[in-house]
Structures are given as C-alpha cells and as structure tokens.
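Morning, everyone. Please have a look at the structure on the screen, and then I will walk you through it.

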Amino acid sequence: MKPFDVYPLFDVEIVKGRGCRTYDMLGNEYLDLYGGHAVISVGHSHPLYVQRITDQLNKLGFYSNSVHNSLQVTLAEKLGFASGYEDYSLFLINSGAEANENALKLASFYNGRKRIIAFGKSFHGRTSAAARVTDNPKIIAPVNAGLEVTFLPLNDLEAVTKELNKKDVCAVIIEGIQGVGGIRLPDTHFLKHLSKECKRTNTVLILDEIQSGYGRSGKFFAHQYADIRPDLITVAKGMGNGFPIGAVLIAPHFQAVHGQLGTTFGGNHLACTAAIAVLDIFENEHLIENAKQVGDFLLKELSAFSQIKEVRGLGLMIGIEMENSVTDLRRRLLFEQKVFTGSSGTHVIRLLPPLCLTHQDALLFLERFEQALRVE
C-alpha cells in the first residue's frame with residue numbers, strides 16, 4: 001500500500017521546526033511564511049505547547065465524551081474571553097470542514113429551511129455539505145450535489161437582499177476573509193448589511209473563520225472589523241497549532257438537543273490541551289497584536305514593489321497578486337531563497353505565517369522576495 005496521490009508535492013521533506021523556521025532532511029533552513037496552510041499559529045515546537053501536550057499524554061491521551069472532561073470547560077471559558085463571545089456555547093470537533101458541516105446542520109435544525117447562500121470564490125471544505133457550498137465544481141461529487149445552494153458575488157448588497165427577501169434561505173455562509181479565493185475581503189458595509197438582513201429574515205449567518213480567525217487578521221476574528229455578531233462561527237486551523245481540532249461557536253438562541261450533534265474524537269484531552277496552550281501563548285506573547293503590527297508593515301512594504309499588481313489582506317493574512325503566473329516565482333522562493341509561501345489560483349501568492357513572525361523575519365522575507373523577483 002502507498003499514500004493516495006491527491007496533491008502535487010514539492011521535492012522537500014520537512015523534519016523539524018522552531019518558531020518561524022523549518023528544516024529539511026539535509027539540514028537546510030527555510031523561512032516559513034505559510035505556516036502549513038495557516039495552521040501554525042504560535043510557531044513550530046513552542047516550548048510551552050510541547051510541554052503541555054507531553055504532560056497531558058503522560059496522564060491521559062483520550063477518553064470518550066460520555067464522561068466529564070474539564071479541559072473542554074476550561075477551553076470554552078478561555079476562548080470565550082479571548083474572542084469576546086463569552087455568552088456563546090462551544091461544540092468541539094476535529095477540522096474546519098467538520099465545523100462547517102455541523103454549522104449548516106445546526107442552521108437547518110434551527111429554522112427548518114434548506115437553501116444556502118454562499119459566495120463566488122468561496123472555500124469551506126471538502127466534505128459533503130462543505131464541498132457543496134464551496135465555489136469549485138471540481139470537488140463536488142454527484143452524491144454531494146443535492147443541497148440547494150445559491151452563489152452570489154461577494155459584496156453585492158442588492159443580490160443578497162433580493163435572495164433573502166424570499167425568506168426561504170436557511171443560512172448564509174461567508175468567510176471572514178476569502179483565503180483560497182485569493183485573500184479577498186468582504187466589505188465592512190456589506191457585512192453590516194448582511195447581518196441586519198439575516199436577522200430580519202430569520203436567516204442564520206455563519207462566519208467561516210477557519211483560515212481568517214484565531215488572531216490572524218489582527219483581531220481575534222476578521223468579522224470583528226465590521227462590529228457584527230454572527231449566529232455561528234466556525235474555527236479550526238490555528239486553533240491547535242497543528243493538533244487536529246475544530247469548533248463551532250454557537251449563539252445563545254440555539255438550544256442544545258441531546259443526540260442531534262455528536263463526535264468521537266472532538267474535544268479529546270490532547271486536542272483541548274493543545275488549544276488551551278495556544279490561547280495562553282497568545283495572551284502571554286501578545287501574538288494578535290504582533291500579527292497586526294508586522295502585517296501592517298508587510299502590507300505597506302509590499303505595496304511599494306512595482307512588479308506587484310495588488311496587495312490585499314489584514315494582519316498576517318496577505319495576498320500578493322502578480323500580473324503573470326506565480327508558479328516559477330514560488331519555486332524560486334522555495335528552492336533558491338528557502339522561503340515557504342502558498343498560492344491561490346495562478347496569479348496570487350498567499351502569506352499565512354505563524355503569528356510570532358518578527359519584524360526581522362519580515363525584513364528577511366522582503367529581501368528574499370526581492371531577490372526572487374530579479375530574474376523576472
């Protein structure tokens with residue numbers, strides 16, 4: 001048996017990491033400006049994170065959700081305080097796609113409706129309903145196609161109002177910042193209008209903060225720049241700094257019903273320990289503030305590059321759009337400049353570094369980025 005071939009792979013194997021640096025089997029050091037798809041939030045192998053998980057594993061790695069687990073309570077309290085959603089409830093699962101699946105299910109249980117509104121260039125996951133509300137027909141299998149979804153242009157006030165006025169929409173699902181779609185930001189006025197219209201029509205507003213949340217934007221959640229409070233918020237990626245965990249933050253007007261939702265691995269002892277460690281490191285090292293400061297610096301400096309068509313983003317979630325394909329540029333960054341980056345489509349480089357990226361690390365990236373551009 002061998003692994004199922006689902007991704008084209010760079011010819012690099014990373015075997016070690018520390019902070020914003022990773023190391024391959026040959027000992028080469030790389031500057032990590034991608035964080036493994038925005039997963040590494042507090043840095044690779046953070047000492048507190050490693051120690052907490054090690055200590056917990058020496059006590060208990062897993063037991064079922066049929067008994068009390070005080071770590072879940074601690075995590076919920078800390079996350080509520082850190083995010084400003086202390087009056088919400090927390091349902092713990094294992095991934096972002098699973099979080100969106102459960103959010104869509106909760107929404108439909110709540111108002112009994114079936115139709116979903118999503119947006120062009122959206123990405124919400126690769127499982128059944130999550131794939132269907134993703135604007136990518138290639139990942140929607142025939143078995144997924146039954147869910148009724150209406151895709152609208154992002155930031156189109158008139159279109160979303162027209163659809164919500166039909167009062168048959170179960171939920172609107174929208175990313176705090178579109179990641180796979182190219183680091184595209186919902187307009188603040190649009191989010192305010194959307195929130196108001198969802199309330200008026202008894203439509204559930206789901207904010208997918210899987211990539212844009214957990215401090216990456218410079219606020220705990222990107223939608224907080226618009227000063228709105230969604231009904232459901234989904235999180236994952238940076239939540240466990242690499243340990244698989246996801247969650248749905250659930251507004252108080254949703255009533256829990258035994259047997260309606262469930263999970264085997266969600267909220268297990270190791271996952272909760274990892275997530276608690278992340279929140280403690282955020283607080284101790286002021287990483288959300290750091291994301292804002294270093295991100296603002298990068299956005300300003302990158303906007304001065306004449307070769308760049310457009311720079312978009314907030315905090316340490318940055319898209320660099322080029323006039324031509326970025327395939328060769330990313331390869332030069334990786335193999336010649338030893339910098340990991342991501343991409344979106346053919347023309348956008350995505351930067352999603354650990355939130356501990358320093359000003360010096362940012363300067364080093366800018367130097368290496370400039371070197372990689374010189375051969376163009």
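First, the ground rules. This is a predicted model: local features need pLDDT of at least 70, side-chain atom pairs count only at pLDDT 80 or more, and totals for chains, interfaces and linings use all residues. Residues are numbered from 1 along each chain as its sequence is written, and side-chain values use heavy atoms, with hydrogens and water left out.

Now the overall picture. The protein chain has 11 helices and 15 strands. Helices (H or I, at least four residues) and strands (E, at least two) are DSSP runs, numbered from the N terminus. The radius of gyration is 20 Å, close to the 21 Å that the globule rule gives for 376 residues, so the chain is as compact as a globular protein of that length. That radius is taken over C-alpha atoms, and the rule is 2.2 Å times the number of residues to the power 0.38. Along its principal axes, the C-alpha trace spans about 55 × 55 × 45 Å.

How much of the chain is buried? Of the 376 residues, 53% count as buried. Buried means under 20% relative accessible area, exposed over 50%, and partly exposed in between (1.4 Å probe, protein chains only).

Contacts next. A contact means heavy atoms within 4.5 Å. Take the contacts with a separation of 6 or more: residues 24 or more positions apart account for 73% of them.

On to single residues. Threonine 161 sits in helix 6, residues 157-164. Is threonine 161 buried or exposed? Its relative accessibility is 18%, so threonine 161 counts as buried. Leaving out residues up to four places away in sequence, threonine 161 touches His193 and Glu197.

Tyrosine 7 is in the segment before strand 1 (14-18). At 53% relative accessibility, tyrosine 7 counts as exposed. Tyrosine 7 and phenylalanine 109 are 102 residues apart in sequence and 36 Å apart in space, C-alpha to C-alpha.

Now the rings. A search of the whole structure finds 12 aromatic pairs. Rings of Phe, Tyr and Trp (its six-membered ring) pair if their centres lie within 6.5 Å; planes under 30 degrees apart count as stacked, over 60 as edge-to-face and the rest as tilted.

One of the pairs is phenylalanine 10 with phenylalanine 335: edge-to-face, 6.1 Å centre to centre, 70° between the planes. This pair links distant parts of the chain, 325 residues apart. Phenylalanine 10 is in the segment before strand 1, and phenylalanine 335 is in helix 10, residues 327-335. Phenylalanine 10 counts as partly exposed, at 32% relative accessibility. Phenylalanine 335 also counts as partly exposed, at 29%.

Here is another pair. The rings of tyrosine 214 and phenylalanine 282 have centres 6.0 Å apart and planes at 55°, so the pair is tilted. Tyrosine 214 is in the loop between strand 8 (204-208) and strand 9 (232-235), while phenylalanine 282 is in helix 8, residues 269-285. Both residues are buried. Ring pairs also link Tyr85, Tyr88, Tyr214, Phe220, Phe221 and Phe282 into a cluster.

Last, two histidines. Histidine 37, in helix 1 (residues 35-38), has a positive phi of about 65° although it is not a glycine. Histidine 286 lies in the loop between helix 8 and helix 9 (287-302), and its phi is near 50°, also positive. Histidine 37 is partly exposed at 46% relative accessibility, and histidine 286 is partly exposed at 49%.
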